[in-house]
Amino acid sequence: MPLSILQSPSTAWKLQDAKAQFSAVVENALRGVPQHVTRRGKQAVVVVSQQDFELLQRGAPGRARSTPNLIEHLLAIPKEAKEAKQPGAAGKRVRANQIRLNAEPRELDFS
């Protein structure tokens, strides 16, 4: 199919044109270019490849994801930190998440 009849990514197909040239709509979607279709001058649907659709579904809320969202990540933090010896603490026991830094506050001028 020659590229000249393929719809450019920045334009939308009118429903009548999309029906008449459905093969071109599908070819563009398979090339990774989402195909926007309008009905009565308003955005109606977007045609995407099966691969792109599956990628979108994996990222949709309520779907299984390979990486946790922020809330899942925060909920996975252990509630009680195990005690650990801090290097150079001369036998003192501190919690692993309570290592203290020797930092001084800086002077601020609010005038």
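Student: Why does R40 count as exposed in this predicted model?

Tutor: R40 has a relative accessibility of 77%. Exposed means over 50%, so R40 counts as exposed.

Student: Where is R40 placed?

Tutor: R40 lies in the loop between β2 (35-39) and β3 (42-47). R40 is not a glycine, yet its phi is positive, about 55°.

Student: Which residues of helix α2 are buried?

Tutor: In α2, residues 22-30, the buried ones are A24, V25, N28 and A29. Buried means under 20% relative accessible area.

Student: How do you know that the buried residues of α2 line one face of the helix?

Tutor: Looking down the axis of α2, the buried residues fall within an arc of 135°, so they line one face. The face turned away from that buried side carries the exposed residues F22 and L30.

Student: What do the buried residues of α2 pack against?

Tutor: They pack against β1 (13-14), α1 (15-20), β2 and β3. Just after α2, G32 has a positive phi of about 95°.

Student: What is the order of the strands in the sheet?

Tutor: The order is β1-β2-β3, in an open sheet of three strands with mixed pairing.

Student: What makes β1 and β3 edge strands?

Tutor: Each of β1 and β3 pairs on one side only.

Student: Why are β1 and β2 said to pair?

Tutor: Pairing needs at least two bridges between the strands. β1 and β2 have two bridges, in the parallel sense, so they count as paired. W13 has V37 in β2 as its bridge partner.

Key
Residues numbered from 1 in each chain as written. Predicted model: local features only at pLDDT ≥ 70, side-chain atom pairs only at ≥ 80, totals over all residues. Heavy atoms only, no water. Helix = DSSP H or I, 4+ residues; strand = E, 2+ residues; numbered from the N terminus. Buried < 20%, exposed > 50% of the residue type's maximum accessible area, 1.4 Å probe, protein only. Arc of directions from axis to C-beta. Contact = heavy atoms within 4.5 Å.
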